[in-house]
Amino acid sequence: MAELLYRLGKWSARRAKTVLALWLALLVALGVVVAAVGVNLSENLDVGETETTQVADRLQEVMASSEREGGTDSVQMVATTSNGEPFTAAQKAGIEENIAAAKKVDMVSDVVSPFATEQERADQAKQLKDGQAQLDAAKEKLQAGREQLKAGESEAVAGQTKLDAARKQAKAMGDAAYAAAKPQLDAQQKQLDAASDKLQASHVKLDSGERELQEQQKQLDQGSELMQLAEGIKLVSDDGSTAILTVTFTTSNGTAPAAAQNGVDAVFTEHPVDGVDFKLSAGASADASKLMGPGEVIGLVIAAIVLIIMLGTLFAAGLPIITALLGVGVGMMITVALGAFLEVASVTPMLGLMLGLAVGIDYSLFIVNRHRRQLRQGHGVIESVGLATGTSGNAVVFAGATVVVALLGLNITGLPFLGLMGTSAAVCVLIAVLMAITLTPALLGLAKERVLRKGERAAAHAATPAASAEEHHAEEAAQIKVLPRWKAALAVVAGVLVLLFCALPVADLRTGLPDNGSESHDSSAYQAYTTLADKFGAGQNSPLVVLADLPEGLDDAGVVSAQLDIARSLKAMDHVTAVAPAATAEDNSAVVFQVIPSDGPSAESTEELVHALRDASPLNGEYTIGVAGMAAANIDMSAKIVSTLPAYLGVVIGLSFLILVLVFRSLLVPLIATLGFVLSYAAALGGVVAIFQWGWLGDLLGLGTPGPILSFLPTIMLGILFGLAMDYMLFLGSGMREAYAHGTEARAAVVQGVRAGRSVVIAAAIIMISVFGGFLFSHMSMVRPIGFALAFGVLADAFVVRLVIIPALMTILGKSAWWLPRWLDKILPNVDVEGAGLEARHPRPAQPAEEEGSAEGGKEGDKAPVGA
């Protein structure tokens with residue numbers, strides 16, 4: 001591999017313009033592809049099938065069969081008067097016009113007018129009130145009818161008594177008298193019987209009317225109770241100054257499509273209403289134009305300053321940045337282009353940008369630094385470029401391969417979005433490696449000796465390489481001072497205690513997805529979030545959707561009774577503010593409820609409520625219920641992601657151990673290196689909990705409201721930090737191994753290895769911390785914790801684990817650190833990471849170097865001594 005890279009480096013240096021043109025052509029071609037297919041990033045994080053997705057699928061069926069057609073994805077547009085006064089008639093009319101326009105946006109199913117809805121509720125309340133008044137009047141009339149009936153019955157009884165007395169008297173007067181009176185008596189009896197029948201009919205009619213009134217009263221009571229249960233659900237605030245416009249889409253992905261959100265937002269932005277502010281509750285964070293912000297630029301500037309300090313010239317410092325930016329451009333274009341064919345999450349390009357910049361600068365720096373050192377020792381430019389590519393470039397390929405493998409390993413989690421995120425980031429790292437071993441040599445070939453200061457050029461031209469090497473080894477041998485074992489032990493204890501202290505907050509780790517309260521305070525999403533919480537209550541930001549299956553054969557009245565029964569049970573649960581029926585299946589097989597929790601989507605009480613709702617099924621022993629909504633989706637996603645972490649951790653740690661055994665031909669060195677990685681990972685995760693969950697320094701950094709940690713952060717940072725940790729271990733440990741293999745005493749070899757690699761590792765770590773740290777101020781709430789986690793993880797791993805704990809432990813272990821069973825030593829292949837074999841095959845010349853060819857078109861034998 002080293003020999004192949006040596007030849008590739010020399011070829012790239014000689015054909016520099018060709019290499020540069022090829023990369024630029026690829027970038028332009030990819031740009032044309034992206035322009036053709038457009039930017040199609042998704043806000044949806046696909047984790048496969050969960051309980052929430054199952055409920056969402058069923059919900060879509062119910063909604064399709066009900067009067068409310070469309071998908072389940074929705075956002076809220078919050079309208080607020082600038083002066084805090086109630087909306088005027090003109091303002092309401094302007095908002096209604098925008099609502100009508102927003103309904104025409106592609107993928108929008110409906111936009112609910114808050115004013116029309118509140119008017120409907122007011123009308124419904126009036127109907128209930130008027131209906132009750134009518135019922136009360138009917139009841140009074142019914143009572144009056146019963147009083148009249150009672151009086152009529154009394155009269156009938158009295159008449160019958162009087163008639164019976166007359167009949168008895170007539171019989172007492174004799175047969176003749178009775179016969180004479182009988183026709184009259186019979187006629188009177190007939191009249192009394194008719195009156196009795198009429199009274200009985202009136203009884204039946206009054207009883208029927210009373211039953212009808214009771215049924216109407218039951219319906220009114222049910223309607224009134226349902227309205228009372230839903231009292232906490234409002235679309236216009238009590239003071240009349242704020243309104244919620246609910247926008248539903250044709251999709252049911254769990255997150256509203258960014259393009260549709262942009263379209264809705266554009267309607268209200270382009271058609272302002274005088275005195276009214278509009279804030280969309282979900283920002284269009286997939287906008288590719290916002291990928292680079294001030295924080296990211298500042299990080300890049302800091303990286304440039306570090307490069308200038310280390311490399312000494314603007315020209316040399318610019319090379320790693322140029323290669324990194326071009327590499328990021330290619331990697332990002334590939335990622336964005338994939339969005340036309342795959343569901344690429346909006347956070348995916350940001351991760352590629354973050355990693356591409358960091359490793360792109362570092363990998364190029366390793367080669368540039370090696371090239372400069374060789375030039376100072378008297379190598380010719382083209383030969384030095386080839387050797388730098390074959391030695392440091394070989395280490396770059398090996399280190400990059402570990403990062404790529406770790407990122408590709410995210411596919412074993414079985415989570416589609418996480419696997420695609422890892423694959424995309426791996427592509428960006430691969431591009432960075434290819435840039436480092438092709439474009440960096442090409443630019444070095446064009447730069448010639450200008451990567452050195454003028455004084456360094458003169459010294460390099462005058463120096464004898466062999467003498468320089470001898471002086472270098474003699475100087476190192478004279479300066480080596482081995483650290484006493486007791487001091488090394490103190491260093492280990494101190495380093496471990498620091499990392500364990502940083503890791504303490506991990507015990508309180510809660511995972512989830514960031515809500516809009518985590519957005520930057522000047523964002524539309526955050527302002528909408530806080531306005532909703534202030535005007536309507538925190539739970540308005542986290543509505544839950546409950547789907548309940550009904551028994552078969554229910555008529556409409558039975559459905560209403562079931563709705564009330566379910567709504568009562570839901571409202572009785574802890575942390576529930578309001579419950580309202582939202583839809584009913586056409587065949588009366590299911591009903592949908594909107595449930596408003598007492599707190600926001602990230603609150604522990606909301607999580608407890610979701611679990612309580614699921615545990616309550618079948619509700620009242622009769623109704624099977626399912627829960628959907630953002631809080632429910634977050635819980636499902638977090639549980640599924642966390643469940644994959646142990647397996648992924650095992651794979652990463654196992655891979656780490658095997659790679660290091662192969663490189664260092666030792667068992668103890670890989671063991672302590674892997675344990676050190678676990679410590680730095682735990683410390684980084686603890687730092688994330690302290691900052692983003694507990695809120696430490698949150699106000700200072702402007703990080704928004706504290707909340708649960710991004711659910712996939714522990715997994716994604718595990719893969720990335722593993723790869724970066726192995727980079728540092730390779731660049732430091734390979735120097736120790738090389739010194740020990742050439743006969744240096746074990747503890748002295750540790751010192752020699754650290755001295756050889758510490759400057760470049762420190763510079764590389766500072767660059768990575770700067771680049772990653774810049775993303776702490778990203779406009780995307782998902783990106784900020786990733787940037788901090790990687791920056792803090794690199795800080796802990798590079799400066800505490802690799803530069804303190806590992807060297808100290810290896811000093812304590814001494815020669816035993818390099819112990820390897822003989823049988824294993826025989827079967828392991830010899831991996832020459834730093835290209836020592838290549839250097840032996842291409843020794844430094846005894847005379848000042850003369851080039852065999854110049855960049856782009858030079859001929860063999862053309863002389864171009866360094867410093868000329």
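**Exercise 1. The H19–H20 pair**

Task: Describe how the axes of helix H19 (residues 630–664) and helix H20 (residues 668–693) come together and cross.

Solution. 
- Step 1. The two axes come within 8 Å and cross at roughly 145°. Helices (DSSP runs of H or I, at least four residues) and strands (E, at least two) are numbered from the N terminus. Axes are lines fitted to C-alpha atoms, for helices over the stretch in contact; angles run from 0 to 180 degrees between N-to-C directions.
- Step 2. Note the basis. This is a predicted model, in which local features need pLDDT of at least 70 and side-chain atom pairs count only at pLDDT 80 or more, while totals for chains, interfaces and linings use all residues. Residues are numbered from 1 along each chain as its sequence is written, and side-chain values use heavy atoms, with hydrogens and water left out.
- Step 3. Assign the hand. The crossing of H19 and H20 is right-handed. A crossing is right-handed if the near helix is turned clockwise from the far one by less than a right angle, and left-handed if anticlockwise.
- Step 4. List the contacts (heavy atoms within 4.5 Å). H19 contributes residues including Leu-645, Val-652, Ile-653, Phe-657 and Phe-664. On the H20 side are, among them, Val-669, Leu-671, Phe-677 and Tyr-681.
- Step 5. Sort the contact residues of H19 with H20: 14 are nonpolar, two polar and none charged. Ala, Val, Leu, Ile, Met, Phe, Trp, Tyr, Cys and Pro count as nonpolar, Asp, Glu, Lys and Arg as charged, and the others, Gly among them, as polar.

**Exercise 2. The S9-S10-S8-S11 sheet**

Solution. 
- Step 1. Four antiparallel strands make this open sheet.
- Step 2. Strand S9 (576–584) and strand S11 (625–628) stand at the edges; each has a single partner strand, so one side of each has no neighbour in the sheet.
- Step 3. The average twist is 25° from one strand to the next.
- Step 4. Walk through the pairs. S9 meets strand S10 (residues 590–597) over seven bridges, with Pro-581 opposite Phe-593. S8 and S10 share six bridges, and Ala-548 has Val-591 as its bridge partner. S8 and S11 share four, and Leu-547 is partnered by Gly-626.
- Step 5. Helix H17 (residues 556–571) lies across strand S8 (544–549), S9 and S10, running at about 155° to S9.

**Exercise 3. The largest cavity**

Task: What volume does the largest cavity have, and how many residues line it?

Solution. 
- Step 1. On a 1 Å grid over the protein atoms alone, a cavity is a set of points where a 1.4 Å probe fits but cannot get out; lining residues have an atom within 4 Å of a point. Points are joined across faces, edges and corners, and a volume is the space filled by probe spheres set on them.
- Step 2. The largest has a volume of about 100 Å³.
- Step 3. Its lining has 13 residues; Arg-510, Pro-601, Ser-602, Glu-607 and Asn-634 lie nearest the centre.
- Step 4. Strand S7 (511–512), helix H18 (604–615) and H19 each give two or more residues to this lining. H19 has the largest share, three residues.
- Step 5. The lining divides into six nonpolar, five polar and two charged residues.

**Exercise 4. Backbone exceptions**

Task: Locate the cis peptide bond at Pro-618 and the positive phi of Met-107.

Solution. 
- Step 1. Most residues other than glycine have a negative phi, and most peptide bonds are trans.
- Step 2. The bond between Ser-617 and Pro-618 is cis, with omega about 0°. Pro-618 sits in the loop between H18 and S11.
- Step 3. Met-107 has phi near 75°. Its place is in the loop between helix H4 (89–102) and S3.

How values were computed: 1 Å grid on protein atoms, 1.4 Å probe; cavity = no way out; pocket = protein on both sides within 12 Å on 5 of 7 lines; lining within 4 Å. Pairing = 2+ DSSP bridges.
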